[in-house]
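Student: I have a structure to go through before class. Can we take it step by step?
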Amino acid sequence: MEKQNKYHLIKEFLEIVNAIQRRFQSEDDEEKQWMIQNSPNPIVADLMKEMTVLMLHVLDAIGKLEPVNGITISKQFGISKGSVSKITRKLIDKQIIIIEYLPDNKKEILFRTTSLGKEIFCLHQALHHQIDLGANRFLQRYTEDEMQFLVSALREVLHSSWIHTETIGESTASSQQNAPTNIEPDTGKDLRFLTVTEEMNEINVMLNKLDSCNLKKAKAILNDVFFSVYED
């Protein structure tokens, strides 16, 4: 009975992971609405309607490191060079950032925020501060022992691969053997629940970037089970 319960819990866990990803996507819209509603500048509010999550992340990187080049943004924030190049062009077109050159090196392009870009950057920081407050209020409900367990579980997920593991076949076989015998096999459903999908990989990538600004992900994760990608 204990093994059967564990089998069902694993299936439920993977269902929740997919639900979390859908919730993250809807929260992207919620965050954008918060920034629009809390912007004192109508120009910024209008620009926010066109801003994507990735654009905000690139702008956030520039605001923190300016003047900064695209390679540094790509390395420190895990954004591909192609995406950085594409996004910076859009931000320049919207007069959110400008290009700057080193006096002794005209080939290296540096990015710096404009006054408009600084407003959006500060507004984005205010959003993350709001998220941090909400996450802290949420996490206060847990005891120290519960928090230690959650932190330990998240750390293990952070450094584990659900694809490249020697025991993946054994684990899957064991789970299938321990499944209730009165349930008709559904190969497609079991594969969906018991194998790592592309969505799971994206969540794993997001966990690798978890920091204070991403605590809202932990909030959503902890609300159901634990963990967490996001995407443009």
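Student: Is aspartate 46 buried, partly exposed or exposed?
Tutor: Aspartate 46 counts as partly exposed, because its relative accessibility is 44%. Buried means under 20% relative accessible area, exposed means over 50%, and partly exposed is in between, with a 1.4 Å probe and protein chains only. This is a predicted model: local features need pLDDT of at least 70, side-chain atom pairs count only at pLDDT 80 or more, and totals for chains, interfaces and linings use all residues. Residues are numbered from 1 along each chain as its sequence is written, and side-chain values use heavy atoms, with hydrogens and water left out.

Student: Which side chain does aspartate 46 meet in a salt bridge?
Tutor: Lysine 49, at 3.6 Å from N to O. A salt bridge is a side-chain nitrogen of Lys or Arg within 4 Å of a carboxyl oxygen of Asp or Glu. Lysine 49 counts as exposed, at 55% relative accessibility.

Student: How many salt bridges are there in the structure?
Tutor: The structure holds 5. One of them is between glutamate 50 and lysine 94, at 2.4 Å from N to O. That pair links distant parts of the chain, 44 residues apart: glutamate 50 is in the loop between helix H2 (42-48) and helix H3 (53-65), and lysine 94 is in the loop between helix H5 (81-93) and strand E1 (97-102). Helices (H or I, at least four residues) and strands (E, at least two) are DSSP runs, numbered from the N terminus.

Student: OK, strands now. How do E1 and E2 pair?
Tutor: They pair in the antiparallel sense over 6 bridges. Two strands pair if DSSP finds at least two bridges between them. A hairpin of 2 residues joins E1 to E2, and isoleucine 98 stands opposite arginine 112 in E2.

Student: Which side chain meets arginine 112 in a salt bridge?
Tutor: Glutamate 100, at 2.8 Å from N to O. Arginine 112 lies in strand E2 (residues 105-113) and glutamate 100 in strand E1, so the pair ties together parts that are 12 residues apart in sequence. Arginine 112 counts as partly exposed at 27% relative accessibility, and glutamate 100 counts as partly exposed at 25%.

Student: Which residues make the nonpolar surface patch of about 250 Å²?
Tutor: Ile99, Tyr101 and Ile109. Patches are made of residues with over 30% relative accessible area and no salt bridge; like charges are joined within 9 Å, and nonpolar side chains (Val, Leu, Ile, Met, Phe, Trp, Tyr) within 5 Å. Accessible areas come from the Shrake-Rupley method with a 1.4 Å probe, and for residues only the protein chains shown count as cover. Isoleucine 109 is in strand E2 and counts as partly exposed, at 34% relative accessibility.

Student: Last topic. Where is confidence lowest, and where is it highest?
Tutor: Helix H9 (residues 187-194) is lowest, at a mean of 41, and H5 is highest, at 94. That confidence is pLDDT, the predictor's confidence in each residue, from 0 to 100. The mean pLDDT of the protein is 75, and 68% of its residues reach 70 or more.

Student: What should I do where pLDDT is low?
Tutor: The predicted coordinates should not be read in detail there.
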